[in-house]
Amino acid sequence: MKVYVAIKRVIDPYVKVRVKNDGSGVETANVKMSMNPFCEIAVEEAIRLREAGHADEVVVISAGDATCQEQLRTALALGADRAIHIECDAVTEPLSVAKLLAAIAKRDQPELLILGKQSIDTDNNQVAQMLSALLGYSQGTFASDIDIAGDGVTGGGQRALKVTREVDGGLETLQLTLPAVLSTDLRLNEPRYASLPNIMKAKKKPLDILTPDELGVAIENHQEIIEVMAPAQRSGGVKVSSVSELVDKLKNTSKVIG
């Protein structure tokens, strides 16, 4: 089974995000970038499936400019077998990303595609669902557990897997026939760290470069960012001397109680 994993380059989650002076976006110059945390979970799960004998190859994919190769090499150091970089300087919306991934999936026919449920920069949570619809594949979103029991075959002879996903009321378990698209939630696993020997080996692993034109996909944006602004600064709190004063402020000043 071939497993393909989509990853995204984002501002490191431990970096304080700053808005550009002109309000056109957030500052990325001289800012530490890293792999999207949910994508790290997706890469880890794919590697675990290969280590368990359920997958033969793990391929990581990223769309963006040349700097994306840094995160692809990171994924290779974590254990992925090869990488595909879709070189695109334009900003790609979720639908365009889904179309690019769908084009590769139709070409290479992987049985499983794993994505992070969302990126921490735009928080759209759309690509996995769009990709499933474009391909007509089974879909399991917000996966907190993935199980390929036994030979992973249903009564009808189709290869399948069980996915436990988090919903508002608790947990839901689905049986999906392959091929399928999954998106990962935080509780699925804990990503490993890349060792120095694997980082060195990653430099020699294959990394193919494609363009949207080669995949037959036209990048179209349907949204325009009008302005980006930082949240308003919080005002300092006040100390109260008694419970009655606190109740009075909550009732008459903040008006949060009746």
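A: **The second largest pocket**

Helix 2 gives the most to the lining of the second largest pocket, with 5 residues. The structure is a predicted model, in which local features need pLDDT of at least 70 and side-chain atom pairs count only at pLDDT 80 or more, while totals for chains, interfaces and linings use all residues. Residues are numbered from 1 along each chain as its sequence is written, and side-chain values use heavy atoms, with hydrogens and water left out. Helices (H or I, at least four residues) and strands (E, at least two) are DSSP runs, numbered from the N terminus.

A pocket here is an open set of points on a 1 Å grid over the protein atoms alone, where a 1.4 Å probe fits, with protein on both sides within 12 Å along at least five of seven lines; lining residues have an atom within 4 Å of a point. The second largest pocket has a volume of about 590 Å³, a volume being the space filled by probe spheres set on the points, which are joined across faces, edges and corners.

The lining of this pocket holds 20 residues, and Glu-40, Thr-74, Pro-191, Arg-192 and Tyr-193 lie nearest its centre. At least two lining residues come from each of strand 3 (33-35), helix 1 (37-51), helix 2 (68-78) and helix 5 (196-202). By residue kind, the lining divides into 11 nonpolar, 3 polar and 6 charged; Ala, Val, Leu, Ile, Met, Phe, Trp, Tyr, Cys and Pro count as nonpolar, Asp, Glu, Lys and Arg as charged, and the others, Gly among them, as polar.
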